[in-house]
Amino acid sequence: MPNIEDIIESGLSGSNIFKRLEVLAPEHVPSRLPHREEKIKELTLAFRDLLSNLGLTSIRVVVSGPTGTGKTVTTKTFGNTFKSRLKDRGVKMEYIHLNCHKQRTLYLLTMEIASSLKLPIPVRGLSTQEAFRIIHDYLEKRNIYAIITLDEFDYFVNASSQEDVYFLVRLYDELSSATRRISYIFVMRDEQNISTLDRGIRDHIMRNLIYFNPYTSLELRDILADRVEDAFQPNVVPEETLNFIAELYGSDKGGSGNARLAIETLEMAGKLAEVKNSALVLPEHVKEAFSKINKEASEIVDEISYLELHPLIILKALINLHNRLKTDSIPIGRLEKEYSDICTELGEEPRRHTQIYEYVKRMRLMGILETRQSGRGMRGRTTLISLTVPVTPEFETLITKKMRMRLDNREEPV
Ligand SMILES: Nc1ncnc2c1ncn2[C@@H]1O[C@H](COP(=O)(O)OP(=O)(O)O)[C@@H](O)[C@H]1O
Ligand SMILES: [Mg+2]
């Protein structure tokens, strides 16, 4: 048994596993982006016109793809590098990356643009229109162009009114400005989320679509190998461990293809190896890390076993809509319709609105669902419902199986 002083001393004296832990943090921007070179090229070609038609054109590109496919890191890297390439050509260009999940309103987004440009704008008393004028005049006076990335744009579309989306996207009609200075990249989890918008705005946004596929295990392997080299001490992560993580998440092996989760798992496995005084990060550490990371999800799955038939049907309806609409947030009206369709199929009397609301509330308290109010859109305010767990094939099977069980023996839940 080592004494306590020795334990603390060895913990303090630096890591045998990690070299630079910060390389594994989600906000770290790596110097290489394996398997996204083609996307950088596509972005460059989409924005090439900007240079040949300087001031005459405004470019709009939609980047879409599931979580963890590198949309954020790739657009950021593209934007910043493009900016410096243009600088070499004597063109002043700013790259502004905004997150619509953090800045949820048009006003806050506008303020964020101003602050990225280091533009002092009075905090109070300005309308969004006035603030945008100031931003535009500033760009005009200094002959600056800007690419603005609206990351997590799905949130903005869901939470804002049509007018706000319209304002942001059709800026130039509002300003009737001669020189076109602002171009956009809209980053979305699913481009179908703009299907609720007016045709006119949609066409305006959807000129170029660049899709990011979920990563395969071989692709994840290359991404992880880079991180291993930068973050870990030499030779502490064996090939086998790397492949093991890559295969847990690779889309070709039934995984989500999510690089963020793969990197998070690598980090946690490294920490577990360190705690256990292991000289190597082994597949067994990966297994433990994987189950820790997915623990929350599995606890919720336990809760689901106790649900009665009708809440299960509600979950089934949510899954159907999630698959069909490719969106996480479902308006309650739509959910009710899908729910009652399934009830009809099953020969079940659908519960009434108030009862459905009760079930939703209960499942929210159980942590299975999240609810929030939509912004004021064309159809007024409504409650949006989303699942807190990812809709995996296993999750779907579980719900269907539980539903069948309840239907078969009509047993009261235990
Ligand atoms: N091709 C890649 N090469 C290196 N790291 C990547 C790559 N793709 C994604 N990552 C990393 O995976 C994590 C998730 O990527 P991110 O850009 O946030 O995905 P998204 O925005 O699509 O959800 C980040 O830590 C990012 O640096
Ligand atoms: Mg992102």
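Two strands are taken to pair if DSSP finds at least two bridges between them. All views show a predicted model.

**View 1. The open sheet of 5 strands.** The strand order is S2-S3-S4-S1-S5, and the pairing is parallel. Strand S2 (92-99) and strand S5 (208-211) form the edges, each pairing on one side only. From one strand to the next, the twist averages 20 degrees. Helix H3 (residues 71-88) lies across strand S1 (60-64), S2, S3 and S4. The angle between H3 and S2 is about 165 degrees.

**View 2. Strand S4 between strands S3 and S1.** Strand S3 (residues 144-151) and strand S4 (residues 182-188) run parallel and are joined by 5 bridges. Within the sheet, alanine 146 stands opposite isoleucine 182 of S4. S1 is likewise joined to S4 by 5 bridges, and these two strands run parallel. Here valine 61 is placed opposite isoleucine 185 of S4. In general, the strands of a sheet pair through backbone hydrogen bonds.

**View 3. The two faces of strand S4.** S4 is largely enclosed by the rest of the structure, because 7 of its 7 residues are buried. A residue counts as buried when its relative accessible area is under 20%. One side of S4 carries Ile182, Tyr184, Phe186 and Met188, all of them buried.

**View 4. The surroundings of ligand 1.** There are 21 residues around ligand 1, and those that come nearest are Pro34, Gly68, Lys71, Thr72 and Tyr215. Several polar atoms of the protein face oxygen atoms of the ligand. A backbone N or O atom of threonine 69 lies 3.2 Å from an oxygen atom of ligand 1. For glycine 70, a polar backbone atom is 3.1 Å from an oxygen atom of the ligand. Lysine 71 takes part through its side chain, a polar atom of which lies 2.8 Å from an oxygen atom of ligand 1. Ligand 1 taken alone exposes 550 Å², and the protein buries 92% of that. H3, helix H10 (217-231) and helix H12 (259-275) are the elements that give two or more residues to the shell around ligand 1.

**View 5. Arginine 406 and leucine 307.** Arginine 406 belongs to helix H18 (residues 393-409). Its relative accessibility is 5%, so arginine 406 counts as buried. The side chain of arginine 406 reaches the backbone oxygen of leucine 307 at 2.7 Å. In sequence the two residues are 99 residues apart, while their C-alpha atoms are 9.3 Å apart in space.

**View 6. Helix H1 and its two ends.** Helix H1 (residues 4-12) is hardly covered, with a count of 0 buried residues among its 9 residues. At the start of H1, a side-chain oxygen of asparagine 3 comes to within 3.0 Å of the backbone nitrogen of glutamate 5. Just after H1, glycine 14 takes a positive phi of about 100 degrees.

Technical notes:
Residues are numbered from 1 along each chain as its sequence is written. Chains are lettered from A and ligands numbered from 1 in the order in which they are written. This is a predicted model: local features need pLDDT of at least 70, side-chain atom pairs count only at pLDDT 80 or more; totals for chains, interfaces and linings use all residues. Side-chain values use heavy atoms; hydrogens and water are left out. Helices (H or I, at least four residues) and strands (E, at least two) are DSSP runs, numbered from the N terminus. Axes are lines fitted to C-alpha atoms, for helices over the stretch in contact, and angles run from 0 to 180 degrees between N-to-C directions. Contact means heavy atoms within 4.5 Å. Buried means under 20% relative accessible area, exposed over 50%, partly exposed in between (1.4 Å probe, protein chains only). A polar contact is a pair of N or O atoms within 3.5 Å; within protein, one must be able to donate a hydrogen and the other to accept it, and residues adjacent in sequence count only if both atoms are side-chain atoms. A residue is near a molecule or strand if one of its heavy atoms lies within 4 Å of it. Accessible areas come from the Shrake-Rupley method with a 1.4 Å probe; for residues, only the protein chains shown count as cover.
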